[in-house]
2 protein chains.
Amino acid sequence: MSEVNVAVLGCGTVGSQVVRLLQEQSSELAARAGAHLNLIGVAVRNVAAAREVEISPALLTQDATALISRADIVIELIGGIEPARTYILEAFAAGASVVTGNKALLAAHGPELYEAAARANVDLYYEAAVAGAVPVVYGLRESLSGDQITAVLGIVNGTTNYILDEMTTKGLTFEAALAQAQALGYAEADPTADVEGYDAAAKCAILASLAFHSRVCLDDVHVQGIRHITAEDIASATRAGFVVKLIATARRRPKGIEAFVAPALVPTNHPLAGVHGPFNAVVIEAEAADRLMFYGRGAGGAPTASAVLSDVVAAAAHRVDGGHAPRELIYADLPVLSPGATISSFQVQLLVHDEVGVLTEVTGIFARHGVSIGSVWQEEAPGEKHATAHSHLVVRTHAATQSDLQATIEELTQAEFVAGVHSVIRVEES
Amino acid sequence: MSEVNVAVLGCGTVGSQVVRLLQEQSSELAARAGAHLNLIGVAVRNVAAAREVEISPALLTQDATALISRADIVIELIGGIEPARTYILEAFAAGASVVTGNKALLAAHGPELYEAAARANVDLYYEAAVAGAVPVVYGLRESLSGDQITAVLGIVNGTTNYILDEMTTKGLTFEAALAQAQALGYAEADPTADVEGYDAAAKCAILASLAFHSRVCLDDVHVQGIRHITAEDIASATRAGFVVKLIATARRRPKGIEAFVAPALVPTNHPLAGVHGPFNAVVIEAEAADRLMFYGRGAGGAPTASAVLSDVVAAAAHRVDGGHAPRELIYADLPVLSPGATISSFQVQLLVHDEVGVLTEVTGIFARHGVSIGSVWQEEAPGEKHATAHSHLVVRTHAATQSDLQATIEELTQAEFVAGVHSVIRVEES
């Protein structure tokens, strides 16, 4: 049986599980790849550091470049832009295929790396970069290759999904739910990358680029996090038959691609509504296939290692039998729309003075900016009944551009009869 | 650009959509496959028959064998065992790859066909054979190739899922829900294949074979349909926080593979509980990845055609660039367990005489057959309160073999204090 030399760069939570599985499942992996996967080394910053799994000291090295030069497949699990990018380019130059889980690097330099791999006639695989074990990269790259994708909607950040879930099921405030997530190790001490949506945005860029065969980078993705979501927003959503989720959206419109991350009201009968806690899920809408969903664990050493190893098996089979991974040719090269041009339905919650004619004034402002209203109703927060001379109005719009909606909100905020705009949130269709 | 000659056998609901998409999306498909997909002909029984899509008369032929001899890729959408099997073997003999959606053929002769394809060094793809557009064959064959699958649980028959859904949401009887499904065209005039579980069993055989690299045929799959499910079973499940679903199960146990189709109580927080109407979904449990789910449309011309075309793109790329589909080597060759040896939790509903000591007698019978009880409670059907000298008992067991459970039921049925065993149903864990 042929042999394929595999090098691992980085030995953290995922890397150590990859090393474990490569050793424990050696014969199964060989049967599937058609070649023995020969682990030739693990590059780490400090060979003396403690490890989560047992690794023969002879395999550990601090010289990644020398290790790469001997490999057929390089598994990059260092993360971040540099030195990961340099190592990957070194691997391509040496004729090795690369498997990576590096979302930051792909969101910043994906198209360049795809092209470098194609030029070197080697594979670049990155299932683990988006949504852990969920095989959505596979889905977009291969299983929908006979169809036209129209939209991708994902819950791709487990930390924010856990926080929103706790707010929903336990009535916690954002701050309390975040503190609990930190205490349990689900959120980092500095939770910015998760709660502000940046982690989801990197994944959104990768998904949009894959789905639409176009160049979408992190900076193209409009981001809104969940820090401003209140317990009352959640309670009000529950009353109306919605859950609040942080959704990464990539959608093809006639003039280009929408790519944004924002909290949204999701109807409880939508498949994404049932995705709880640390699970991730990605809905793909395509012309012929209609709606598909891929669901699974979005993080964790073993689930992510499973995704890495399936990529390694595919890359190894190509070393032995020929063929290659689909090339991400950016052949469509569609433009990315500005945030203002993105289209959604919205829900706006207002506090208005309780006067005759206020409803006409409010709806008139929406109409003036070309924002069509689907429904409007008055809602009294529990305990507030008759306590004030104000009414809570909830307005749900039809599809409108973000800029028309923004202009509407600005005029509402200025209006004399409006005491405050409480919340503005996107609404997903069921 | 290279050309790949594609022949379509059969032009029904799916075939006509495949022909439409091959023509309409010609340039997109070429970009992804790296070759122009040249439709060289469509074999039909009667060239004069009316078609759902416009097809140039020059493409239609009644001579499938002659068409196959000129093809690089043969798309088999005739269904049934013969002549489909002969045509596929003719294609392999002529050096052509095959894409099929033929679940009956694969469930009966899958391993032989996989081996014939491998010997001819061509591809056999069959994403459309299981769960329409849902890419679960892909998931099992490729995206979990770096992991050990422990179980596959699927809702793979839309007709029964629709019937159970209508019974749940509208309180219909089985007969009324079936009549409605027939009126809407979701169920056939003779609904046997769907409601008795045979359609799901064919898919179960394919899934089990793929998941465990073993030879599992239709006859190995133990089947129970949904005809005996009553409105009261559904109402009682709802009260207890469950929904009733027809589940195809393939599970690896220490001594072999379980493969069966049976209705089951599914907890409402299980990802399969939210799969409604015509949608299908398959949960895959794997050692490292934990639980994944693939969800989408299980039938219909366009969704199924999407699955067919993704297979065609993959097969075409291999014609151009080398490489091949994963070979389904039956290397593990695990035995399939007899139905009696399969293990589940069960729920048993009994009508017992309302006497002192009955509970002790009932639980004693379970214990005597080694069936451990998880919980037992008395339930009064609405309107029945105090109307009889009988009590309804509901017993939920821990995991037990089907044969131990069967022996328990037989003794219960004979017991003097038991007026009747109303229902026995499997229970999925959340």
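This is a predicted model: local features need pLDDT of at least 70, side-chain atom pairs count only at pLDDT 80 or more; totals for chains, interfaces and linings use all residues.
The contact between the chains is considered first. In chain B, 48 residues are in contact with 48 residues of chain A. Several elements of chain B take part: helix 2 (26-33), helix 6 (136-143), strand 12 and helix 12 (301-321) each supply at least two residues of the side that touches chain A. Helix 12 of chain B provides the largest share of this side, with 11 residues. By residue class, the side of chain B that touches chain A comprises 26 nonpolar, 14 polar and eight charged residues.

Strand 12 also links the two chains through strand pairing. Strand 12 (residues 290-297) of chain A pairs with strand 12 of chain B in the antiparallel sense, and three bridges are found between them. Within this pairing, A:F294 stands opposite B:F294 in strand 12 of chain B.

Inside chain B, strand 12 has a further partner. Strand 11 (residues 279-286) of chain B runs antiparallel to strand 12 of chain B, and eight bridges join the two. The two strands form a hairpin, with three residues between them. B:F279 of chain B is placed opposite B:R297 in strand 12 of chain B. Seven of its eight residues are buried, so strand 12 of chain B is largely enclosed by the rest of the structure. A residue is counted as buried here if 20 or more other C-beta atoms lie within 10 Å of its own. As a general point, the side chains of a regular strand alternate between the two faces of the sheet.

Attention now turns to a sheet in chain A. Six strands of chain A form an open sheet with parallel pairing, in the order 3-2-1-4-5-6. Its edge strands are strand 3 (60-61) and strand 6 (124-125) of chain A, each of which pairs on one side only. At the edge formed by strand 3 of chain A, two bridges join this strand to strand 2 (residues 36-43) of chain A, and the two run parallel. Here A:V42 stands opposite A:L60 in strand 3 of chain A. Helix 1 (residues 13-24) of chain A lies across strand 1 (3-9), strand 2 and strand 4 (73-76) of chain A. Relative to strand 2 of chain A, helix 1 of chain A runs at about 150°.

Key: Residues are numbered from 1 along each chain as its sequence is written. Chains are lettered from A and ligands numbered from 1 in the order in which they are written. A residue is buried if 20 or more other C-beta atoms lie within 10 Å of its own, exposed if 12 or fewer, and partly exposed in between; C-beta atoms are placed from the backbone. Helices (H or I, at least four residues) and strands (E, at least two) are DSSP runs, numbered from the N terminus. Two strands pair if DSSP finds at least two bridges between them. Two residues are in contact if their C-beta atoms, placed from the backbone, lie within 7 Å. Ala, Val, Leu, Ile, Met, Phe, Trp, Tyr, Cys and Pro count as nonpolar, Asp, Glu, Lys and Arg as charged, and the others, Gly among them, as polar. Axes are lines fitted to C-alpha atoms, for helices over the stretch in contact, and angles run from 0 to 180 degrees between N-to-C directions.
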